[in-house]
Amino acid sequence: MRTILVTGGAGFIGSAVCRHIIDQTKDRVINLDKLTYAGNLTSLAQISGSDRYIFEQADICDKEALDRIFAQYQPDAVMHLAAESHVDRSIDGPGDFIQTNLVGTYTLLEATRAYWKQLPAAAASSFRFHHISTDEVFGDLHGTDDLFTETTPYAPSSPYSASKAGSDHLVRAWQRTYGLPTLVTNCSNNYGPFHFPEKLIPVMILNALAGRPLPVYGKGNQIRDWLYVEDHARALYQVVTAGLVGETYNIGGHNERQNIEVVQLICQLLEELAPQRKVAGLKQYKDLITYVSDRPGHDLRYAIDAGKIERELGWRPAETFETGLRKTVQWYLNNESWWTAVLNGSYRLERLGNTN
Ligand code: NAD
């Protein structure tokens, strides 16, 4: 049984990683999360009773807390997902992004290095530090066929992607300079259950159900490559357990869609799955689509070449965009209590009773 320290395990992707490890493997998870607005312990309700799951409320910028957690749990691997992750928030206030994504990653690397250095030789050589990053570090693509590969030069556009790019460089430097056994993954846009309703897909589903406008940036022609979050969690576990030290793996779903197509598909699925949930007077969900002024510096197209992880680690996404989006819309229809608690803020009270 491995012990895996997951940072940011109460977030959207981190909670999928924790659920995957507890449900699909015999490993133990230490979930280290500060519980910012994006951290939600109710996303972990299905595994919180497992004796292989432990939650620690801590900030990755707090070196003392990190040292204590490493000493107490003796992890075999770190999967680092804790981050500020919302591009619009990074434009409104970049400070938290610099603090958590850069200073936090640096602090975590130093705590990891101090712990790793004193491990016996065999444990030190099998130890892994896996940094989870985004395809946004590459900037955007303007051609229709080109793809981001593991060697695409970095050209981040937003404070979010610049802070993630900086954190990727720190991780690679800690491998090159100190020999820390690190791996990096860069993934495309995720979607699926437990997604915080500030990101495109959950915003559109919940606004449509509430009869509120569906705000589409610019002309809605931005292209994203969508990956179902459970496919991402499976890929991450594959990388941390079987990936080669020092390597980078791109992860993507081969699902390029314009934002406007995504919104139209959500409207179609809601027509099919919840025709009776429309607010009074609304004829079709798609009548709610409205165009709003574009985000500054908005990247046009992201698309991932995931050939390396497919060839070398045998990973492939199980969901197409159509099957994954259908599951996602159905999940939001079936899990109103989860998103109602997020929308009214009561999910934040969960932390009071649930931390140790
Ligand atoms: P999220 O915003 O849903 O969750 C982030 C989690 O990190 C939250 O639980 C939050 O409480 C925690 N956190 C924030 N600051 C912290 C700190 N200082 N110390 C400890 N915990 C802290 O993010 P997500 O969408 O799950 O993304 C997870 C990771 O994956 C991020 O590093 C992100 O850059 C990367 N990523 C996300 C996507 C995507 O589409 N969402 C795609 C590719 C990569």
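Tutor: Welcome! The model is predicted, so local features need pLDDT of at least 70 and side-chain atom pairs count only at pLDDT 80 or more, while totals for chains, interfaces and linings use all residues. Residues are numbered from 1 along each chain as its sequence is written, and side-chain values use heavy atoms, with hydrogens and water left out.

Student: Why is K164 called buried?

Tutor: Buried means under 20% relative accessible area, exposed means over 50%, and partly exposed lies in between (1.4 Å probe, protein chains only). K164 has 5% relative accessibility, so K164 counts as buried. This residue lies in helix α6; helices are DSSP runs of H or I with at least four residues, strands are runs of E with at least two, and both are numbered from the N terminus.

Student: And why is H254 called partly exposed?

Tutor: H254 is at 46% relative accessibility, and therefore counts as partly exposed. H254 sits in the loop between β11 and β12 (256-258), and its phi is near 55°, a positive value in a residue other than glycine.

Student: What makes Q74 partly exposed?

Tutor: Its relative accessible area is 41%, so Q74 is partly exposed. Q74 belongs to the loop between α2 (63-73) and β4 (77-80).

Student: Which residues are closest to the ligand?

Tutor: They are I13, D33, S85, Y160 and K164, from 29 residues that surround the ligand. To be near, a residue needs one of its heavy atoms within 4 Å. The shell divides into 13 nonpolar, 12 polar and 4 charged residues. Here Ala, Val, Leu, Ile, Met, Phe, Trp, Tyr, Cys and Pro count as nonpolar, Asp, Glu, Lys and Arg as charged, and the others, Gly among them, as polar.

Student: How far is the polar backbone atom of N190 from an oxygen atom of the ligand?

Tutor: The separation is 2.8 Å. A polar contact is a pair of N or O atoms within 3.5 Å. For I60, a polar backbone atom is 3.0 Å from a nitrogen atom of the ligand.

Student: How many bridges join β6 to β11?

Tutor: There are 4 bridges between β6 (residues 182-187) and β11, which run parallel. Two strands pair if DSSP finds at least two bridges between them. The open sheet has 7 strands in the order β3-β2-β1-β4-β5-β6-β11, with parallel pairing.

Student: What makes β3 and β11 edge strands?

Tutor: Strands β3 (53-57) and β11 (248-251) each pair on one side only.

Key. Polar contact = N/O pair within 3.5 Å; in protein donor to acceptor, adjacent residues only side chain to side chain.
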